[in-house]
Amino acid sequence: MAKERDLQLSEYDISKNRYRELKYFCRQYREKKKGLLSMTELSSPQFGGKGGDIFSDRTANIAIKRAKLSAEIQMIEQSALETDGELYKYILKNVTDGITYEYLDIPFSRSGFYVLRKRFFSILDKKR
């Protein structure tokens, strides 16, 4: 498999390292969705220590983690929608799964698609 090249996003004032951060944030999309679906555990607070202090509220911690994952998933999806309402599914597959243009069977030119991809990262950069 060919080595994936970094996008040049200097026109959007996004450095190479920032682009990589955004890229790998998107690549965690499936993990985030799986994690969100698997986080269903509800329980009562755990007590311990002197006088029954509450060390942790597992339900609250899970709710916080779910909210964070949900917001991150929505951020990626919303950025793709804002980039192009008709082609957002192709953009999502490309940025989250690394599926290249050639395998997407997209009804759009290659160069046009990569312009949209750059715009996606610009939008995501502003949201993140």
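**Entry 1: terms and model**

I call a residue buried when its relative accessible area is under 20%, exposed when it is over 50%, and partly exposed in between, using a 1.4 Å probe and protein chains only. The model I looked at is predicted, so local features need pLDDT of at least 70 and side-chain atom pairs count only at pLDDT 80 or more, while totals for chains, interfaces and linings use all residues. I number residues from 1 along each chain as its sequence is written, and side-chain values use heavy atoms, with hydrogens and water left out.

**Entry 2: the chain as a whole**

I looked up the secondary structure and found six helices and two strands. Helices here are DSSP runs of H or I with at least four residues, strands are runs of E with at least two, and both are numbered from the N terminus. Starting from the N terminus, I read the order as α-α-β-β-α-α-α-α.

I then looked up burial: the chain has 128 residues, and 32% of them count as buried. Its accessible surface is about 8600 Å², with 51% belonging to carbon and sulfur atoms. Such areas come from the Shrake-Rupley method with a 1.4 Å probe, and for residues only the protein chains shown count as cover.

Next came contacts, meaning heavy atoms within 4.5 Å. Among the contacts with a separation of 6 or more, 56% join residues 24 or more positions apart.

**Entry 3: the core**

I looked for nonpolar cores, which are sets of buried Ala, Val, Leu, Ile, Met, Phe, Trp, Tyr and Cys residues joined through side-chain atoms within 4.5 Å. The largest one has 26 residues, and Cys26, Ile76, Ile91, Phe120, Phe121 and Leu124 have the most contacts inside it. At least two residues of this core come from each of α1 (16–27), α2 (29–38), α3 (58–83), α4 (88–97), α5 (101–104) and α6 (110–127).

I followed Leu124 further. Apart from neighbours within four places in sequence, Leu124 touches Leu22, Phe25, Cys26, Met75 and Ser79.

I also checked Ala67, which sits in helix α3. Ala67 has 47% relative accessibility and therefore counts as partly exposed.

**Entry 4: salt bridges**

Side chains of opposite charge can pair when their charged atoms come close. I counted a salt bridge where a side-chain nitrogen of Lys or Arg is within 4 Å of a carboxyl oxygen of Asp or Glu. The structure holds eight of these salt bridges.

I wrote down the bridge between Arg18 and Asp125, at 2.6 Å from N to O. Arg18 is in helix α1 and Asp125 in helix α6, so this pair ties together parts 107 residues apart in sequence. Asp125 has a relative accessible area of 21%, so I list Asp125 as partly exposed. Arg18 and Asp125 also belong to a network of salt bridges with Glu21.

I then looked up Arg30 and Asp97, whose side chains meet in a salt bridge at 2.8 Å, N to O. This pair links distant parts of the chain, with Arg30 in helix α2 and Asp97 in helix α4, 67 residues apart. Arg30 is partly exposed at a relative accessible area of 42%, and Asp97 is partly exposed at 34%.

Lys32 in helix α2 and Glu72 in helix α3 are 40 residues apart, and the pair links distant parts of the chain. Lys32 is buried, with a relative accessible area of 7%, and Glu72 is buried too, with 10%.

**Entry 5: rings**

I looked up aromatic pairs: rings of Phe, Tyr and Trp (its six-membered ring) with centres within 6.5 Å, called stacked if the planes are under 30 degrees apart, edge-to-face if over 60, and tilted for the rest. There are five aromatic pairs in the structure.

One of them is Tyr101 with Tyr114, a tilted pair with 6.4 Å centre to centre and 50° between the planes. Tyr101 belongs to helix α5 and Tyr114 to helix α6, so the pair joins parts 13 residues apart in sequence. Tyr101 is buried, at 16% relative accessibility.

I noted Phe120 and Phe121 as edge-to-face, because their ring centres are 5.1 Å apart and their planes stand at 75°. Phe120 is buried with a relative accessible area of 0%, and Phe121 is buried at 1% relative accessibility. Together with Tyr19, Phe120 and Phe121 form one aromatic cluster.

Finally I looked for a charge over a ring, meaning NZ of Lys or CZ of Arg within 6 Å of the ring centre and within 35 degrees of the ring normal. I found Arg128 over the face of Phe25, at 3.9 Å from the ring centre.
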